[in-house]
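Look at the sequence and the 3D structure below. The briefing that follows goes through them topic by topic.

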Amino acid sequence: MGDVTSLIWNFIQHRDAYPKNAQLAVQPEVMANVIDDPAECQHCDFYDLNKLISCDSSGQPMPNHAAIHQIACRYYQVG
């Protein structure tokens, strides 16, 4: 789910461009991931973005790789 990491980075850098209630939406049937308002996505599993963002040692937000990996393991064989 490398694309999820990219999506999270984009969300961190452009948070104001997203709906206030945006979540990570995963549509496993077509292997698609998007960050959007849950009302705009059908047949998706949703994940709280706050759980997918952590802070580095200087307090800057960054993708939480452990949380992303945990989600990836639900859908894909991840090594």
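Leaving aside its neighbours within four places in sequence, which residues is Val34 in contact with? They are Leu7, Gln23, Leu24, Ala25 and Cys41, where contact means heavy atoms within 4.5 Å. This is a predicted model, in which local features need pLDDT of at least 70 and side-chain atom pairs count only at pLDDT 80 or more, while totals for chains, interfaces and linings use all residues. Residues are numbered from 1 along each chain as its sequence is written, and side-chain values use heavy atoms, with hydrogens and water left out.

**Sheet and strands**

- Three strands form an open sheet in the order E2-E1-E3, with antiparallel pairing. Two strands pair if DSSP finds at least two bridges between them.
- Strand E2 (32–36) and strand E3 (45–47) are the edge strands, and each pairs on one side only.
- From one strand to the next, the twist averages 25°.
- Helices (H or I, at least four residues) and strands (E, at least two) are DSSP runs, numbered from the N terminus.
- Strand E1 (residues 23–27) is joined to E3 by three bridges, and the two run antiparallel. Val26 stands opposite Asp45 in E3.
- Val34 lies in strand E2. Val34 is partly exposed, with a relative accessible area of 35%. Buried means under 20% relative accessible area, exposed means over 50%, and partly exposed lies in between (1.4 Å probe, protein chains only).
- Val34 and Ala22 are 12 residues apart along the chain, and their C-alpha atoms are separated by 9.6 Å.

**Helix H2**

- Helix H2 (residues 65–75) lies across E1 and E3 and runs at about 170° to E3. For such angles, axes are lines fitted to C-alpha atoms, for helices over the stretch in contact, and the angles run from 0 to 180 degrees between N-to-C directions.
- Ala72 is found in helix H2. Its relative accessibility is 4%, so Ala72 counts as buried.
- Ala72 and Cys41 are 31 residues apart in sequence and 19 Å apart in space, C-alpha to C-alpha.

**Nonpolar core**

- In soluble globular proteins, nonpolar side chains tend to be buried together.
- A nonpolar core is a set of buried Ala, Val, Leu, Ile, Met, Phe, Trp, Tyr and Cys residues joined through side-chain atoms within 4.5 Å.
- The largest nonpolar core has 17 residues, and those that touch the most other members are Ile8, Phe11, Leu24, Ile35, Tyr47, Leu49 and Leu52.
- Helix H1 (2–13), E1 and H2 are the elements that give two or more residues to this core. H1 provides the largest share, five residues.
- Beyond its neighbours within four places in sequence, Leu52 is in contact with several residues, including Ile8, Leu24, Tyr47 and Met62. Ala67, Ile68 and Ile71 are also among them.

**Aromatic pairs**

- Rings of Phe, Tyr and Trp (its six-membered ring) pair if their centres lie within 6.5 Å; planes under 30 degrees apart count as stacked, over 60 as edge-to-face and the rest as tilted.
- A search of the whole structure finds two aromatic pairs.
- The rings of Tyr47 and Tyr75 have centres 6.5 Å apart and planes at 90°, so this pair is edge-to-face.
- Tyr47 in strand E3 and Tyr75 in helix H2 are 28 residues apart, and the pair links distant parts of the chain.
- Tyr47 is buried, with a relative accessible area of 13%, whereas Tyr75 counts as partly exposed at 22% relative accessibility.

**Positive phi angles**

- Most residues other than glycine have a negative phi.
- Met31 is not a glycine but has a positive phi of about 55°. Met31 is found in the loop between E1 and E2 and is exposed, with a relative accessible area of 56%.
- His43, also not a glycine, has a positive phi of about 60°. His43 is in the loop between E2 and E3 and is exposed, with a relative accessible area of 64%.

**Cysteines**

- A disulfide is counted here as a pair of cysteine sulfur atoms within 2.5 Å. By this rule the count is zero disulfides.
- Cys44 is in no disulfide, and the nearest cysteine sulfur, that of Cys41, is 4.8 Å away. Cys44 counts as buried at 17% relative accessibility.
- Cys73 is in no disulfide either, and the nearest cysteine sulfur, that of Cys44, is 20 Å away. Cys73 is partly exposed, with a relative accessible area of 41%.
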